[in-house]
Amino acid sequence: MEKPEVRPPRILIVDDLSFMRTVIKEILNDHGFTLAGEAQNGAEGWKAYTILRPDAVLMDITMPVMNGLESLKRIRYFDPDACVVMCSALGEQEYILRAIRYGARDFIVKPFRPERIVSALRIALRIDE
Ligand SMILES: [Mg+2]
């Protein structure tokens, strides 16, 4: 019997730096994920989430217009099951507790190794490897 085809998880990237989005996109590409979309601030990210309904979000914290914590809060209000992994710069660890309280699944500190992104997504999405 043929195995059912597994749909690659669709990930939304929210980060104000296009360089960082590119780095993350390459990691996703190399590890069996697919890009649901990308956004460059928390407001765009929140809106994109409601339209695209990705399987998971990789969310920066410091961004113009709306930061990642506010965006996380709104996304989780819209979808209490939303799977959001925070991806913050060094020195922003003070936000970890708030992010967890708002329902973030994990908190990755930049600069990160690709495996950190991959394992955080796999655990958050309950993908066995
Ligand atoms: Mg940023």
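Trainee: Which handedness does the β-α-β unit made by S3, H3 and S4 have?
Mentor: Good place to begin, and keep in mind that this is a predicted model. Strands S3 and S4 run parallel and are joined by 3 bridges, with methionine 59 having methionine 86 in S4 as its bridge partner. Together with helix H3, these two strands make a β-α-β unit that is right-handed.

Trainee: And which helix sits in the β-α-β unit that S4 makes with S5?
Mentor: Start from the pairing: S4 and S5 are parallel over 5 bridges, and valine 85 stands opposite aspartate 106 in S5. The unit is right-handed, and its helix, covering residues 96-101, is H4.

Trainee: Nice. In what order do the strands of the open sheet lie?
Mentor: Strand S1 (residues 10-14) is joined to S2 by 5 bridges, and isoleucine 11 stands opposite leucine 35 in S2. The sheet holds 5 strands with parallel pairing, in the order S2-S1-S3-S4-S5. Strands S2 (34-39) and S5 (106-110) each have a single partner, so one side of each lacks a neighbour in the sheet. Neighbouring strands are turned against each other, direction ignored, by an average of 20°.

Trainee: Why is S4 described as largely enclosed by the rest of the structure?
Mentor: The count uses a neighbour cut-off: a residue is buried if 20 or more other C-beta atoms lie within 10 Å of its own. S4 is largely enclosed because the number of its 6 residues that are buried is 5.

Trainee: Which residues touch the most other members of the largest nonpolar core?
Mentor: Elements giving two or more residues to this core include S1, H1, S2, S3 and S4. Valine 84 touches Val57, Met59, Leu72, Ile75, Gly103, Ala104 and Arg105, leaving aside residues up to four places away in sequence. Of the 34 core residues, those touching the most other members are Val57, Val84 and Val85.

Trainee: Within what arc do the buried residues of H5 fall, seen down its axis?
Mentor: The buried residues of H5 are Ile117, Ala120 and Leu121. They line one face of the helix, because they fall within an arc of 95°. These residues pack against S1, H1, S3, S4 and S5.

Trainee: Last one: how far is arginine 98 from lysine 73, C-alpha to C-alpha?
Mentor: Arginine 98 is found in helix H4, and it counts as partly exposed because it has 14 C-beta neighbours inside 10 Å. Arginine 98 and lysine 73 are 25 residues apart in sequence, and their C-alpha to C-alpha separation in space is 9.9 Å.

Definitions and conventions
Residues numbered from 1 in each chain as written. Predicted model: local features only at pLDDT ≥ 70, side-chain atom pairs only at ≥ 80, totals over all residues. Pairing = 2+ DSSP bridges. Helix = DSSP H or I, 4+ residues; strand = E, 2+ residues; numbered from the N terminus. Axes fitted to C-alpha atoms, helices over the stretch in contact; angles between N-to-C directions. Core = buried A, V, L, I, M, F, W, Y, C linked by C-beta atoms within 7 Å. Buried ≥ 20, exposed ≤ 12 C-beta atoms within 10 Å, placed from the backbone. Contact = placed C-beta atoms within 7 Å. Arc of directions from axis to C-beta. Right-handed = clockwise from strand over helix to strand, strands pointing away.
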